[in-house]
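Biologist: Could we go through the pockets of this one together?

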Amino acid sequence: MRRLITNTFLTLDGVMQAPGGPDEDGDGGFDLGGWSVNFWDDHMGDTMGETMGVPFDLVLGRRTYDIFAAHWPRATDEDGAKPLNEATKYVASRQRPALEWQNSVLLHDDVPTAVAALKDTDGPELQVHGSANLLQTLIRHDLIDEYRLWIFPVLVGAGKRLFADGVVPASLELVTSSVSTTGVVI
């Protein structure tokens, strides 16, 4: 049985849209992308290293896949590319995109059933990074085993939210937490 874990960067007001760059995701006129960049410190790097330091496969929405696939195949092992390039990338998409990044597999049609079936197999943990739309589906179908939230001390107002309207009520348990030197609660 594989666990499904989400690694999500959030603003304090719950927005997860375009943390890495200004042009990452302009859906809905969002123009505040790149809000996470100035907060990065060594503690966050170490924490991400721990996340990437265990065997894992990825479950990604198509837009996040496209962002990752444009960068990681060309990045060096020193930049942290090796675990991402070696992982199997399961990509949820309503279309049939060309998946040219090595070890990429299309999940289409009934994504919740496909992800549940993946969880029932042997293998490394399944990690979701970004993928706001996909996460809404996974949350609705109670497929997430662990939320790893990185909450940044910034407010951006409107944008895509991890826990959007209509989220299924649930009780969660805090397993661990830490705070970066820049005030990011992990």
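**Pockets and their linings**

Modeller: β1 (4-11), α1 (42-52), α2 (62-71), α4 (111-119) and α5 (132-140) each supply at least two residues of the lining of the largest pocket, where helices (H or I, at least four residues) and strands (E, at least two) are DSSP runs numbered from the N terminus. This is a predicted model, in which local features need pLDDT of at least 70 and side-chain atom pairs count only at pLDDT 80 or more, while totals for chains, interfaces and linings use all residues. Residues are numbered from 1 along each chain as its sequence is written, and side-chain values use heavy atoms, with hydrogens and water left out.

Biologist: Which element gives the most to the lining of the largest pocket?

Modeller: That is α2, with six residues.

Biologist: And which residues lie nearest the centre of the largest pocket?

Modeller: Of its 46 lining residues, T64, F68, H129, G130 and S131 lie nearest the centre. A pocket here is an open set of points on a 1 Å grid over the protein atoms alone, where a 1.4 Å probe fits, with protein on both sides within 12 Å along at least five of seven lines, and lining residues have an atom within 4 Å of a point.

Biologist: What about the second largest pocket, which element gives the most there?

Modeller: β6 (146-152) gives the most to that lining, with six residues, and α1 also supplies at least two.

Biologist: Which residues are closest to its centre?

Modeller: Among the 26 residues lining the second largest pocket, E146, Y147, R148, L149 and T176 are the closest to its centre.
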